[in-house]
Amino acid sequence: MNGEERARAAAFAYLADLVEVEAEGVLPRAALTRGAPLDGDRVQLIGAQGIFKPRQLRAPISITTAPPARGREPPYPDVVTADRLEYRYRDVGGQPAPSHWQNEGLRVAMRERLPLVYFYGVEAGWYLAHWPVYVIADDPAHRIFTVALEAGATSVPSDVIAAEAGKAYIVRPTRMRLHQTAFRIRVLRAYQSRCAMCRLHHAELLDAAHILADRDERSTTAASNGLALCKLHHAAFDRHIIGVRPDLVVQVRADILAEVDGPMLRHGLQALDGVRLDIPRRRMDRPDGELLIERYEEFRKAG
Ligand SMILES: [Zn+2]
């Protein structure tokens, strides 16, 4: 192994160790900045820019997607067959700089098939990681590098989900797993792992529910498009048994309110009518008002 390969191997081993100790596979930026130990030195893994090259190496070791700054982030396609990431060229001061050394560095990585790490920002200071990834194409006309995400290890939890039939298995593409994992972490952290309706405080019984459905192309993975809900209230919300008014008050569908049944119906559902939603402290994490209006309209139509 040459120096370039040894440093990358050290970086991957370090990440694998980090994933073991960090909850949910979310890695703190400080550990990535400190870097992987190598021959009494450290190989830094992340820097101020999206494309990062450690001082010991000729080519970059990582590319990063920053966490959303204002609660919004671009939507992602709901069907991803080819698991590709389109990574934008480094610009300088908003101006194209195709020959910037960071862009040149990714071309070196592409030519020599050097493995990189992809960091996906969950929120400020926290990242999911996927490695190794490879730069497989350079598109100067659109100023985009194409990065293949299929292979490799990841800090994202297990990806195999059973399909409806129970026999076929769907392996979700890396890109979708990163998005879905980040969405869950953002939402659960924002709501401090409590159901926004009943305040149940058991992460293993909580979901990150979408306000604007995942399949909608405008749907985002920001916390403001989500509600932390327990399994029961998530299912009831998705089936329009309970709705959330734009003024954040929970409303139970009229026919459900009129029903007479045991304690689960009374306490689990009917008692929620008129309850005020418990919302995150940070403004950017709170439910998006426009999305709530849209969702409430669907609820009303369903009633
Ligand atoms: Zn609940």
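1. Arg189 is placed over the face of the Trp126 ring, 4.8 Å from the ring centre. Arg113 is arranged over the face of Tyr134, also at 4.8 Å from the ring centre. A charge is said to sit over a ring if NZ of Lys or CZ of Arg is within 6 Å of the ring centre and within 35 degrees of the ring normal.

2. The model under review is predicted: local features need pLDDT of at least 70, side-chain atom pairs count only at pLDDT 80 or more, and totals for chains, interfaces and linings use all residues. Residues are numbered from 1 along each chain as its sequence is written, and side-chain values use heavy atoms, with hydrogens and water left out.

3. The secondary structure of the chain consists of 8 helices and 16 strands. Helices (H or I, at least four residues) and strands (E, at least two) are DSSP runs, numbered from the N terminus. Of the 303 residues in the chain, 49% are buried. Buried means under 20% relative accessible area, exposed means over 50%, and partly exposed lies in between, for a 1.4 Å probe and protein chains only. Among contacts between residues at least 6 apart in sequence, 60% join residues at least 24 apart; a contact means heavy atoms within 4.5 Å.

4. Strand E8 (residues 126-139) pairs with strand E1 (residues 27-28) in the antiparallel sense over 2 bridges, and Leu27 has Tyr127 of E8 as its bridge partner. Two strands pair if DSSP finds at least two bridges between them. Strand E7 (residues 116-123) is antiparallel to E8 and joined to it by 6 bridges, with Glu123 opposite Trp126. E7 and E8 form a hairpin with 2 residues between them, and Gly125 in the turn has a positive phi of about 85°.

5. E8 is also joined to strand E9 (residues 144-148), by 5 bridges in an antiparallel arrangement. Ala137 has Thr146 in E9 as its bridge partner. The hairpin of E8 and E9 has 4 residues between the strands. Arg143 lies in the loop between E8 and E9, and its phi is near 55°, a positive value in a residue other than glycine. Arg143 counts as partly exposed because its relative accessibility is 28%.

6. The peptide bond that joins Trp131 and Pro132 is cis, with omega about -10°, and Pro132 is found in strand E8.

7. Which residues hold the zinc ion as protein donors? They are Cys195 (SG), Cys198 (SG), Cys230 (SG) and His233 (ND1), lying 2.1 to 2.4 Å from the ion. Donors are N, O and S atoms within 2.8 Å of the metal (3.2 Å for Na, K and Ca); water is not among the atoms, so sites may look incomplete. In sequence, the donor residues follow the spacing C-x2-C-x31-C-x2-H.

8. The zinc site is tetrahedral, with angles of 91 to 118° among its 4 donor atoms. Four donors count as tetrahedral if all angles lie between 85 and 135 degrees. For four tetrahedral donors the ideal angle at a metal is 109.5 degrees. Is Cys195 buried or exposed? Cys195 counts as buried because its relative accessibility is 0%, whereas Cys198, at 35%, counts as partly exposed.

9. Arg199 is located in the loop between helix H4 (174-190) and strand E13 (206-210). Its phi is near 70°, a positive value in a residue other than glycine. Arg199 has a relative accessible area of 36% and is therefore partly exposed.

10. Asp278 lies in the loop between helix H7 (263-269) and helix H8 (289-302). With a relative accessible area of 30%, Asp278 is partly exposed. Asp278 touches Tyr191, Ala196 and Arg199, not counting residues up to four places away in sequence. Asp278 and Met197 are 81 residues apart in sequence, yet their C-alpha atoms are 6.6 Å apart in space.

11. Why is strand E13 described as largely enclosed by the rest of the structure? The reason is that 5 of the 5 residues of E13 are buried. Leu206, Ala208 and His210 point one way from E13, while Asp207 and Ala209 point the other way. In a regular strand the side chains alternate between the two faces of the sheet. E13 runs antiparallel to strand E14 (residues 226-230), to which 5 bridges join it, and the bridge partner of Ala209 in E14 is Leu227.

Notes
Tetrahedral: all angles 85-135°; square planar, octahedral: opposite > 155°, others 65-115°.
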